[in-house]
Amino acid sequence: MTERKKPGVTFESWVDKQIRQAQDEGAFEGLEGAGKPIPLGDPRDELWWVRGYLKRENLPADALLPTALQLRKEIERLPSTLIGIRREDSARDVLDELNARIVDWIRFPTPPIVPLGPVDVDAWLEKWRTNRAEVDRLEREHRSQSVEPPAADSDTSRRSWWTRVRRTFTWRR
């Protein structure tokens, strides 16, 4: 409300008057959650509102950890993180970025103090190469088993390359 409280009027009665006017005008009608109970968590759980916030904002629980423990968990998850990366320079970038954050924490540590050091980029890249080669081999093997050879047409030699490609793939709109 833009109107100001008049001198001599108690603050409580002025606010009550504004609320009553807003109710009469229908300002509180159709609000989200109207008629529903206020969501309260388990009374024995002191952090019910934190869990609700994480769920509502779609945040991982790791977001609440101190920096050192977040970095430690990220180092533990490196194999699964790197296996999804297809190019070596991208894997190197991920490792270098992680090392930069580790070095920043080492320069200005915050509690809890956890033994933590930079990762060996070359050793991780060597593991990545062997794991990636195995994953690529398995993907090729799976592709070769699941793809059926195209039906042999007698006029294949006369068709343009685009017609052959277009028949091979099914385009979805």
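## Terms and basis

A salt bridge is counted here when a side-chain nitrogen of Lys or Arg lies within 4 Å of a carboxyl oxygen of Asp or Glu.

The model is predicted, and local features need pLDDT of at least 70, side-chain atom pairs count only at pLDDT 80 or more, while totals for chains, interfaces and linings use all residues. Residues are numbered from 1 along each chain as its sequence is written, and side-chain values use heavy atoms, with hydrogens and water left out.

## Overall fold

The chain holds seven helices and zero strands, where helices (H or I, at least four residues) and strands (E, at least two) are DSSP runs numbered from the N terminus. Along the sequence this gives the pattern α-α-α-α-α-α-α.

Of the 173 residues in the chain, 14% are buried; buried means under 20% relative accessible area, exposed over 50%, and partly exposed in between, with a 1.4 Å probe and protein chains only. The chain exposes about 14700 Å², of which carbon and sulfur atoms supply 55%; these areas come from the Shrake-Rupley method with a 1.4 Å probe, and for residues only the protein chains shown count as cover. Among contacts (heavy atoms within 4.5 Å) between residues at least 6 apart in sequence, 50% join residues at least 24 apart.

## Helix H6 and its cover

Helix H6 runs over residues 121–146, and its 26 residues should span 38 Å at 1.5 Å a residue, which agrees with the 36 Å between its end C-alpha atoms. The expected span is 1.5 Å times one less than the number of residues.

Val121, Trp124, Leu125, Trp128 and Arg132 are buried in H6, and what covers the buried residues of this helix includes H3 (67–76), H4 (78–83) and H5 (88–107). Tryptophan 124 counts as buried because its relative accessible area is 15%. Apart from neighbours within four places in sequence, tryptophan 124 is in contact with Ile75, Leu78, Pro79, Leu82, Leu95 and Val119. Tryptophan 124 and leucine 82 are 42 residues apart in sequence, yet their C-alpha atoms are 8.9 Å apart.

## Leucine 98 in helix H5

Leucine 98 lies in helix H5 and is buried, with a relative accessible area of 1%. Leaving aside neighbours within four places in sequence, leucine 98 is in contact with Leu71, Glu74, Ile75, Leu78 and Val119. Leucine 98 and valine 119 are 21 residues apart in sequence, with 8.1 Å between their C-alpha atoms.

## Salt bridges

The whole structure contains 13 salt bridges. One of them joins the side chains of glutamate 139 and arginine 86, at 3.5 Å from N to O. This pair links distant parts of the chain, since glutamate 139 is in helix H6 and arginine 86 is in the loop between H4 and H5, 53 residues apart. Glutamate 139 is partly exposed at 31% relative accessible area, whereas arginine 86 counts as exposed at 52%. Arg86, Arg132, Asp136 and Glu139 are linked in a network of salt bridges.

Other pairs lie within H6. Arginine 137 and glutamate 141, four residues apart in this helix, are therefore separated by about one helical turn. Glutamate 126 and arginine 129 also meet in a salt bridge (3.0 Å, N to O), and both lie in H6, three residues apart, about one turn of the helix.
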